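Colleague: Before I use this model, please take me through some of its local features, one question at a time.

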Amino acid sequence: MTDPIQPLRNGNWFRSAVFYEIPVRSFFDSNGDGIGDLPGVTAKLDYLADLGVGAVWLLPYYPSPWRDEGYDVADHYAIHPQLGTIGDLDRLVEEAHRRGIRVLGDYVMNHVSTDHPWFQEARRDRSSPFRSWFLWSDTGTEFSRARVIFRDSEGSNWSWDPVAGQYFFHRFTATQADLNYDTPAVRAEMLNVARFWLGHGLDGYRCDAVPYLVKREGTRCQSLPEVHRYFRELRALLDREFPGTVLVAEANQSIPETVPYFGDGREFQMVMHFPLMPNLFLALGEEDPRRVRHVLRATLPAPGATSWAYFLRNHDEVTGEQLSDDEREMLLWFYGRHPRAVLNGGLRRRLAPMLDGDDRRIEMMTALLLGLPGAPFLYYGDEIGMGDRPDLPDRDGVRTPMQWSDGPTAGFSTAPDDRLVRPLVTEPRFGPAARSVEGETGRPGSLLERCRTLLRVRNARAEAFSSPLFEALETPGAPVLAFVRPGASEHVLCLYNFASTVADVQVRVPAWSAPNPTDLLDRGIALHVVDGALGCRLDPFGFAWVGFPPVPTDPGAATRDPG
């Protein structure tokens, strides 16, 4: 069968796509066992297409003891039987492609479950070739500069294994043993893993925990040169054998360490923008967008044919690792008031509860995500203002069943409540009775319908929104973030009011824009251009996308310089 995606696999497809993150076990249960599965995702593809999604990112679907949402992989070449079969994945990819939706997998290469046959063989026999696939120590004192990431549950990166008679290294939990990328067989095998699933039609990978693959004594064991060499090798493989597929880096590092993962176009096409994400929330709490402007100026443009990947929330906590101590305290003060909100120094809350169920702020932040020059990643359920369960352990509280309806088990499954993969959200403002796909579909003014409008308008103007061009504009005296996304047939001016009060904004329009603006979202905002400046009034946490046809003699004044 001809793959309809194949003709669209050009080098820049990811610039225009809106991505949607799906924890498969929590999305939709197709067979009534209480656990979401791959056929369940297939069953909801029409919903995603109607929403305007252009690509989905599937969280790990591999066999796993599920101690860490499947990131503790026990077999890289199979699918957990509760989630389906390889044939089910093939059908999902085929049906997604038929709707113009691409499918990304999750490439978990830093570590494996301690249940994995590789580790089991290594721990039993010191002479096994698998012994060198992991990092062992008689003292557990090496790599002392490597920080402990899961500091609320792990006191060390080393754990004693009584079977092996040695300590083994783990950058995350003690049930996940790090692979040793100094062993050539490890590097070769993990490239084979990448080939295997791309051979089943995946359009690329979100790559997990990329900075930590290589360890060196006396270093922080992150972002070392050998890490970049491996990903250049992986990228070359994809370009050679699976052209048009993409790699997305999860690199929660400082800006100077994050930018090199683009590799001058030879590593990742997309890098997740961890430095920006917590600053968006801080700026909203401060009602002042200046810190957002600062981060954008420090990171834009993305080099070459690459793109930042932006997100507000995902399956992990809101991390404060890229903040100063004072900034982290401020983030927790603004959003961490729930007694169980804080985990590993971050926040295990969903978007809607963090913003106190205020649809104005949820919509404005979503519109900002969609307006930035790069690839927006939405987290399942955020489009309906779904809540969370901070009483659940670890980060399970932000991974509860998708709320499809206000009926039994929120329309997620036909199984009884006590058999669901996780309990449903019970807080009245955020549970299925108040927030569901069925309840919000077709209801004027609902968050879901407003999100659909945002995606529809963005997709209709993909030329401007997918362009790497970006020009920041000054808004004197107003707490408004303003920037222009230039296109050949239309320029889009994006305005976002970060304040809880009305903002009267005056912003000088670039000379290459014709003075007849259009309210692209049809929100009834009065726009006027006088002496080259656009004026309008934005409601509290209001925003606008303003279209300008370029003047016929457009001199190309827009640049990649964010200001």
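Colleague: Which residues does His315 touch, not counting residues up to four places away in sequence?

Modeller: This is a predicted model, and His315 sits in its loop between E12 and H11. At 1% relative accessibility, His315 is buried, the cut-off being under 20%. Beyond four places in sequence, the residues that His315 touches are Glu21, Trp57, Leu59, Tyr71, Arg206, Tyr379, Arg395, Val398 and Arg399.

Colleague: Which side chain is joined to that of His315 by a polar contact of 3.5 Å?

Modeller: A polar contact here is a pair of N or O atoms within 3.5 Å, and for residues adjacent in sequence both atoms must belong to side chains. The contact of His315 joins two side chains at 3.5 Å. The partner is Asp316.

Colleague: Is Gln222 buried or exposed?

Modeller: Gln222 is in the loop between strand E9 (204-207) and helix H7 (225-241). Leaving aside neighbours within four places in sequence, Gln222 is in contact with Arg147, Arg171, Pro211, Tyr212, Gln253 and Glu257. Its relative accessible area is 9%, so Gln222 is buried.

Colleague: With which side chain does the side chain of Gln222 make a polar contact?

Modeller: Among the residues in contact with Gln222 are Arg147, Gln253 and Glu257. The polar contact, at 2.9 Å, is made with the side chain of Gln253.

Colleague: Which backbone oxygen does the side chain of Trp136 reach?

Modeller: Trp136 belongs to strand E5 (residues 136-137) and is buried, with a relative accessible area of 17%. Leaving aside neighbours within four places in sequence, its contacts include Phe119, Arg131, Trp158 and Tyr167. At 2.9 Å, the side chain of Trp136 reaches the backbone oxygen of Arg131.

Colleague: What distance separates the C-alpha atoms of Trp136 and Asp161?

Modeller: Trp136 and Asp161 are 25 residues apart along the chain.

Colleague: How many of the 11 residues of helix H9 are buried?

Modeller: H9 covers residues 276-286 and is largely enclosed by the rest of the structure. Its cover includes helix H10 (290-299), strand E12 (307-311), helix H11 (325-335), helix H12 (351-354) and H13. The buried residues of H9 are Leu276, Met277, Pro278, Asn279, Leu280, Phe281, Leu282, Ala283 and Leu284. The number buried is nine.

Colleague: At what angle do the axes of H9 and H13 cross?

Modeller: The two axes come within 12 Å. H9 is oblique to H13, and the crossing is right-handed. The angle is roughly 135°.

Colleague: How many nonpolar, polar and charged residues does the contact of H9 with H13 have?

Modeller: H9 contributes Leu280, Phe281 and Leu284, and H13 contributes Arg361, Met364, Met365 and Leu368. By class, that contact has six nonpolar, no polar and one charged residues.

Colleague: Are H13 and H15 roughly parallel or roughly antiparallel?

Modeller: Helix H13 (residues 359-371) packs with helix H15 (residues 447-460), their axes 11 Å apart. The angle is about 20°. Angles under 35 degrees count as roughly parallel. H13 and H15 are therefore roughly parallel.

Colleague: Which residues of H15 meet those of H13?

Modeller: The H13 side consists of Asp359, Ile362, Glu363, Thr366, Ala367 and Leu370. By class, the contact has seven nonpolar, one polar and four charged residues. On the H15 side are Leu447, Arg450, Cys451, Leu454, Leu455 and Arg458.

Colleague: Which peptide bond is cis, with omega near 0°?

Modeller: Most peptide bonds are trans. Pro301, in the loop between H10 and E12, takes part in a cis one. The bond runs from Leu300 to Pro301.

Colleague: What is phi of Thr409, and what is its relative accessibility?

Modeller: Thr409 lies in the loop between strand E15 (374-379) and helix H14 (437-440). Its phi is positive, near 50°, in a residue other than glycine. Thr409 counts as buried, with a relative accessibility of 5%.

Colleague: Is Asp264 buried or exposed?

Modeller: Asp264 is in the loop between helix H8 (255-258) and strand E11 (270-272). Its phi is positive too, near 55°. With a relative accessible area of 69%, Asp264 is exposed.

How values were computed. Residues numbered from 1 in each chain as written. Predicted model: local features only at pLDDT ≥ 70, side-chain atom pairs only at ≥ 80, totals over all residues. Heavy atoms only, no water. Axes fitted to C-alpha atoms, helices over the stretch in contact; angles between N-to-C directions. Helix = DSSP H or I, 4+ residues; strand = E, 2+ residues; numbered from the N terminus. Parallel < 35°, antiparallel > 145°, perpendicular 65-115°, else oblique. Contact = heavy atoms within 4.5 Å. Nonpolar A, V, L, I, M, F, W, Y, C, P; charged D, E, K, R; others polar. Buried < 20%, exposed > 50% of the residue type's maximum accessible area, 1.4 Å probe, protein only. Polar contact = N/O pair within 3.5 Å; in protein donor to acceptor, adjacent residues only side chain to side chain. Left-handed = near helix turned anticlockwise from the far one by under 90°.
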